[in-house]
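Please read the points below alongside the sequence and the model.

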Amino acid sequence: KLHSDLDKGVGTVKYTLSGDGAGTVFTIDETTGDIHAIRSLDREEKPFYTLRAQAVDVDTKKPLEPESEFIIKVQDINDNEPKFLDGPYVASVPEMSPVGAYVLQVKATDADDPTYGNSARVVYSILQGQPYFSIDPKTGVIRTALPNMDREVKEQYQVLIQAKDMGGQLGGLAGTTTVNITLTDVNDNPPRFPKSIFHLKVPESSHVGSAIGRIRAVDPDFGKNAEIEYNIVPGDGGNLFDITTDENTQEGVIKLKKPLDFETKKAYTFKVEASNLHLDHRFHSVGPFKDTATVKINVLDMDEPPVFSKPVYTMEVYEDTPVGTIIGAVTAQDLDAGSSSVRYIIDWKNDVDSYFTIDATEGTIATNELLDRESTAQYNFSIIASKVSNPLLTSKVNVIINVLDVNEFPPEISVPYETSVCENAKPGQVIQTVTAADKDLSPAGQRFSFRLSAEASNKPNFTVHDYRNNTAGIETRRNGYSRRQQELYFLPLVIEDSSYPVQSSTNTMTIRVCRCDSDGTILSCNVEAIFLPVGLSTGALIAILLCIVILLVIVVLYVALRRQKKKDTLMTSKEDIRDNVIHYDDEGGGEEDTQAFDIGALRNPKVIEDNKIRRDIKPDTLRFPRQRPPVEDNTDIRDFINQRLQENDIDPTAPPYDSLATYVYEGNGSVAESLSSIDSLTTEADQDYDYLSDWGPRFKILADMFGEEESYNPDKVT
């Protein structure tokens, strides 16, 4: 209830409420200020509410007092029972545990207020599971209540636990849970045989290593505590049998270590001990954790195949032994009580087996074909023995026949048949060591001897030195050999063996004479090397020949160039001056052109050089220059030409061509083309120069010059 001091009870004051739950959980009377709860409260949901209240003037709506805050606390009642949040529980405890052994602790939770009353004070108790277990009322710890609880008697226990609030008083609320407790196994029980004697019947035909029976000891424990180990106690018959443990069934499996024979022994008796592998020292006082039983084995008689006297038969026979010769025998017996005769056959597998036959009754083996040790040195086949009374019962044995050697092949040289000797070899020098090989199977200690044949022993070239250890040396007997005289030597060598009968062979060795250095190293053994100069290798000789060929080619080219040069035309160099005849390539200006060229230079005796040697060719031999008389001044050019013509006619070195001049060609604009007489078509005939007059005034002087030539010199110029 809220009330303001300013409230006179006349309705001028209005009360308001705000905060947690205002209007939803709590409401207020605006006139009286009474606060009411409009729904049920749950302390476990919300233990308190914070509210704010204020008194307001009804008319002005203004607060009459400051806003005040207050808390409404929900008072707890016992409306929640204890609950086991982790239940149901599963626990285990070893069997045979003492009283008070810890099993598990349970805990219940009460949602009521533990600070108010006894609503949340819980007490634990067992409703089901006594007298085996107990629980602490306050802590909820469960412990064993009986000693020596045996898993083999009862393994699973279900305990019902109750938790009650209000301290367990009347009217308190309670909750329950279930605890499933399992007794775990401990090795508290030894293995026990269900009976003291086990009887087994085993056929004598049982194979070694096969299982012939099973026995079992019972252990009520579980898991590894029930694992059993079986052992045969040393005694009668124990060495013929063995026992192992089947890990899946924990049975003892008896196996055969040696073959059984009913005719030798019909029964065996031995003891078997069963014991635990994993012992618990806490239970040693109970007694030994093992048990013993007796096993009796009766051997059953079976119809068995024949038994050979040996596991393998080995025989020997000489090669080329006549067909039908007996080389050995095999023997098999029927060891059963009613002994039966035995029949023998060869187990045919391939054609090799056809080399031998066997007597079906006696078991004797004889040759069926001629044997050759060099072809097959050993034969391996099988013989089958069967009972006449029961042919299905058979046994097999291997027979090995070694073919012995007969000395029928002569020894031969096992090294190459060709060797070499140096030209500078000394007497007594070993040039080759030879050994021998024999196709026959040489017995221990066989020796080979070496010697020269009779016709070779008289020759003074080579000899053979037998070292008496199955080797021999080829030695020289001369001081030096010449390839030019004889390149190859043939040495017949006789080799004998020591077997009977003695076999021998003659082997011819080829000895080649080679050129060697001072240390005996072979330089060349080729036949062509004999004719080469001493001290020069083939490569050096090839290089010399190549140089000679190159020099010959150079000489030939030089001569060819000289001949070609003699056939060339005269030189046309601008500086060339032949016999003071001026060479020019400039067209004159005609008779009106008096400045273009001064023909007086042709008559100038100073132009002529004494002892002038021709420059258009190179003379083949040196010659003395010709003495020419000086030309007098004002000598006509025709006399000069005639004089030079006579000199050339008597000169044997003068060339047979015109030595006057070379005019080459006219200018590009000239219609006269070449003015040179060298290219004239009629060099030996008279030429008509009248056409020069038709060329115009510029060629008048030239036309007059050639026109007068016939009157001055009727001879032809060559």
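Is Cys514 buried or exposed? Cys514 is buried, with a relative accessible area of 0%; buried means under 20% relative accessible area, exposed over 50%, and partly exposed in between (1.4 Å probe, protein chains only).

1. Basis of the note. This is a predicted model, in which local features need pLDDT of at least 70, side-chain atom pairs count only at pLDDT 80 or more, and totals for chains, interfaces and linings use all residues. Residues are numbered from 1 along each chain as its sequence is written, and side-chain values use heavy atoms, with hydrogens and water left out.

2. Confidence. The mean pLDDT of the chain (the predictor's confidence in each residue, from 0 to 100) is 80, and 79% of the residues score at least 70. Helices (H or I, at least four residues) and strands (E, at least two) are DSSP runs, numbered from the N terminus. The pLDDT is below 50 over residues 621–628, a stretch with 17 contacts beyond near neighbours in sequence; contact means heavy atoms within 4.5 Å. Residues 710–718 also stay under 50, and here the model has 12 contacts beyond four places in sequence.

3. Disulfide of Cys514. The whole structure holds 2 disulfides, each defined as a pair of cysteine sulfur atoms within 2.5 Å. In one of them, Cys514 is bonded to Cys525, with the sulfur atoms 1.7 Å apart. The torsion about this S-S bond is about 110°, so the disulfide is right-handed. Cys514 lies in strand β36, whereas Cys525 lies in the loop between β37 (522–524) and α2 (538–566), so the pair ties together parts 11 residues apart in sequence. Cys525 is partly exposed, at 22% relative accessible area.

4. Disulfide of Cys422. Cys422 is joined to Cys516 with an S to S distance of 2.1 Å. This pair links distant parts of the chain, as Cys422 belongs to strand β30 (residues 418–422) and Cys516 to strand β36 (residues 504–516), 94 residues apart. A torsion of about -85° makes the disulfide left-handed. Both cysteines are buried, Cys422 with a relative accessible area of 11% and Cys516 with 13%. With bonded cysteines counted along the chain, the pattern is 1-3, 2-4.

5. Salt bridges. The count comes to 16 salt bridges, each being a side-chain nitrogen of Lys or Arg within 4 Å of a carboxyl oxygen of Asp or Glu. One of them pairs Glu487 with Arg512, the closest N and O atoms being 2.9 Å apart. Glu487 sits in the loop between β34 (471–476) and β35 (488–496), and Arg512 in strand β36, 25 residues apart. Glu487 is buried at 15% relative accessibility, while Arg512 is partly exposed at 22%.

6. Further salt bridges. Lys290 and Glu273 form a salt bridge with a closest N and O separation of 3.7 Å. Lys290 is in strand β19 (residues 290–300) and Glu273 in strand β18 (residues 267–276), so this pair ties together parts 17 residues apart in sequence. Glu647 and Arg644 meet in another (2.3 Å, N to O), and both residues are buried. A network of salt bridges links Arg151, Glu152, Glu155 and Asp185.
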